[in-house]
Amino acid sequence: MPRRLRLSALLKSAGLKAVAGDAGLSGIGLDSRAVGRGWIFCALPSASGQHADAFAHVRQALAKGVAAVLASPSLLKAVGPLGQAIAVPSADPRRDAAQLAAAFELHPMRRLRLSGITGTNGKTSVACPLHSLLTGAGSGPCALNGTVG
């Protein structure tokens with residue numbers, strides 16, 4: 001079943017400022033070609049800092065019926081009225097888009113347990129048996145990352 005959240009609840013969960021207006025959200029996206037009705041579109045700045053492409057992407061997302069647009073205040077000003085969509089101004093759209101995505105997915109990192117093995121020698125010799133033990137103990141999903149094999 002698709003998730004549905006209120007924009008106000010999502011902003012609060014992400015630790016972002018509340019905005020005027022509220023809407024039901026069914027998705028979050030960075031790609032204006034892939035967003036849909038009821039989504040929040042996060043318009044990230046280009047590497048060059050130019051608004052030309054971002055302007056077109058916001059317009060494309062609006063045409064697809066997004067409920068809200070997260071963008072820098074200068075981009076929101078350049079785009080002008082958003083129709084029925086709610087403007088979510090952000091001084092740092094990249095950071096805030098990441099916070100919104102984490103909140104939309106119920107902060108999966110908060111439930112993730114990580115372990116690391118450091119040192120000069122013996123890391124693989126410890127990590128491989130530990131991975132086998134944790135996997136066999138039914139401790140939940142377990143992954144092994146390394147530079148060998």
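Since the model is predicted, local features are reported only where pLDDT is at least 70 and side-chain atom pairs only at pLDDT 80 or more, while totals for chains, interfaces and linings use all residues. Residues are numbered from 1 along each chain as its sequence is written, and side-chain values use heavy atoms, with hydrogens and water left out.

Let me begin with the sheet, for which helices (H or I, at least four residues) and strands (E, at least two) are DSSP runs numbered from the N terminus, and two strands count as paired if DSSP finds at least two bridges between them. Here 4 strands form an open sheet with parallel pairing, in the order 3-4-5-6. Strand 3 (27-29) and strand 6 are at the edges, each with a single partner strand, so one side of each lacks a neighbour in the sheet. From one strand to the next the twist averages 20°, where axes are lines fitted to C-alpha atoms, for helices over the stretch in contact, and angles run from 0 to 180 degrees between N-to-C directions.

Going across, strand 3 and strand 4 are joined in parallel by 3 bridges, with Ile28 opposite Ile40 in strand 4. Strand 4 (residues 39-42) pairs in turn with strand 5, again parallel and over 3 bridges, and Ile40 stands opposite Ala68 in strand 5. Strand 5 is then linked to strand 6 (residues 86-89) by 4 bridges, also in the parallel sense, and Leu70 has Val88 as its bridge partner in strand 6.

What covers the two faces of strand 5 (residues 68-71), or rather, which residues are buried on each side? Ala68 and Leu70 are buried on one side, and Val69 and Ala71 on the other, buried meaning under 20% relative accessible area, exposed over 50% and partly exposed in between (1.4 Å probe, protein chains only).

Strand 5, helix 3 (residues 73-79) and strand 6 make a right-handed β-α-β unit; right-handed means that, with the strands pointing away from the viewer, the path from the first strand over the helix to the second runs clockwise.

Gly138, with a positive phi near 70°, follows helix 5.

Finally, the cysteines: a search of the whole structure finds 0 disulfides, a disulfide being a pair of cysteine sulfur atoms within 2.5 Å. Cys128 is in none, the nearest cysteine sulfur, that of Cys142, being 11 Å away. Cys128 is partly exposed at a relative accessible area of 35%, whereas Cys42 is buried at 1%.
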